[in-house]
Amino acid sequence: MFNIERLELARKRRRFTARILAERAGIAPVTLSRIVNRQQVPDESTIEALVSALGYTRAFFDQDDFDPIDPRAASFRSLTGMTARERDAALAAGSLAFEVMDWVSERFTLPETDILDLGHERNPVAAARMLRQHWAIGEKPIGNMIKLLESKGARVFSLAEDTKNVDAFSCWRNNEPYIFLNTYKSSERSRFDAAHELAHLVLHRHGGPQGRKAETEANNFASAFLMPQADLMSVIPYVSSVDQIIQAKKRWGVAAVALAYRLNKLGLMTEWQYIQINRQYRTSEPQGIPPERSTVWQMILTDLWKDGQSRSHIAQQLLLPDEELENLLFGLVGDTTQPERQTPTLRAV
């Protein structure tokens, strides 16, 4: 039976307004409105026109309902300039990711969730320290943020949105944490986004501060989590030059501006030095680091490839267009026919 909720999901994913979809399908807007509001049952020719306009398989619309993401439960990295259509498209991608993960979970045993609920902790810097202690990583720099998150049970996906307004967002689905990252950004900024979203999962699981206050808390958590104070002060007791920051940022895998901001807040560099770095590197990143890859997805796709299943085969089984699965994994995996050397962290069911 043609599922109207899935029609709306595909429409939002394509960033179509109802009028645009009606025009592309060659039907009257009032007809589409009546179909969506369940006042009219579409005939087969109308269904075919809608399916063709959206570029999904017919079978996709014949499935049961999906898990929607409540906009109030999703913590977006930035809301500045984001349109309702951009937000809805990102949330629709999240619902598709849920179905991908359900498919994966039936075939593989994934790492269990080990992310503390620190909503009671009012100091985000203290919360960052507590989580580091819980994970037994002390003060040392984090080599691969995505790998760390996955090892603690976070389901990491890409947001390959063709817009600069959608940075990242996170949410809980039952007891599973999800993080969606804009993998078009520099690796340094993507790592900070990942730590920022981890903060929302840790600090705001049950609500709490909203808007700017929540974003400030998440930024402070991310800064402290990626750049622990004791380690910073042992390496950079004081700042003597801009070049010192450029060289030092590699240790923590952060942007030059992020490191300068943290040092400034700790009183280890002057306001004028911070302004200089912010002016020079606010929109560009000197001596960038390589992008991080997903360990979990690399292993899943490699294992499936050995059984003759490509990404296209997986998309077909999920009844998704190929590009939707590609978008969810964009930048997270490399060539699955040449697996990296790594210690297995999951196994086939």
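Biologist: What radius of gyration does the protein have, and what would a compact globule with 349 residues have?
Modeller: The protein has 22 Å, which agrees with the value near 20 Å that a compact globule with 349 residues would have. The radius is taken over C-alpha atoms, and the globule rule is 2.2 Å times the number of residues to the power 0.38. Please keep in mind that this is a predicted model, in which local features need pLDDT of at least 70 and side-chain atom pairs count only at pLDDT 80 or more, while totals for chains, interfaces and linings use all residues. Residues are numbered from 1 along each chain as its sequence is written, and side-chain values use heavy atoms, with hydrogens and water left out.

Biologist: How many helices and strands are there in the protein?
Modeller: There are 16 helices and six strands, where helices (H or I, at least four residues) and strands (E, at least two) are DSSP runs numbered from the N terminus. Along its principal axes, the C-alpha trace spans about 70 × 45 × 40 Å.

Biologist: And what share of the residues is buried?
Modeller: Of the 349 residues, 51% are buried, and buried means under 20% relative accessible area, exposed over 50% and partly exposed in between, with a 1.4 Å probe and protein chains only. As for contacts (heavy atoms within 4.5 Å), residues 24 or more positions apart account for 73% of those with a separation of 6 or more.

Biologist: Let's look at helix α1, then: which of its residues are buried?
Modeller: Helix α1, residues 4–13, is mostly covered, with eight of its ten residues buried, namely Ile4, Arg6, Leu7, Glu8, Leu9, Ala10, Arg11 and Arg13. These buried residues pack against α2 (18–25), α3 (29–36), α4 (44–54), α5 (84–105) and α16 (322–329).

Biologist: What caps the N-terminal end of α1?
Modeller: Asn3 does, with a side-chain oxygen 2.9 Å from the backbone nitrogen of Glu5, and that pair can be read against the definition of a polar contact, which is a pair of N or O atoms within 3.5 Å; within protein, one must be able to donate a hydrogen and the other to accept it, and residues adjacent in sequence count only if both atoms are side-chain atoms. After α1 comes Arg15, whose phi is positive, near 60 degrees.

Biologist: Where do the buried residues of α6 pack?
Modeller: They pack against α8 (187–203) and α9 (211–226), and the buried residues of α6 (residues 124–134) are Pro124, Ala126, Ala127, Ala128, Leu131 and Arg132. The N-terminal end of α6 is capped by Asn123, which has a side-chain oxygen 2.9 Å from the backbone nitrogen of Val125.

Biologist: Switching to Phe76, is it buried or exposed?
Modeller: Phe76, which belongs to strand β1 (residues 75–76), is buried, with a relative accessible area of 5%. Leaving aside neighbours within four places in sequence, Phe76 is in contact with several residues, among them Met82, Leu91, Phe169 and Glu215. Phe76 and Ala168 are 92 residues apart in sequence, yet their C-alpha atoms are 5.7 Å apart in space.
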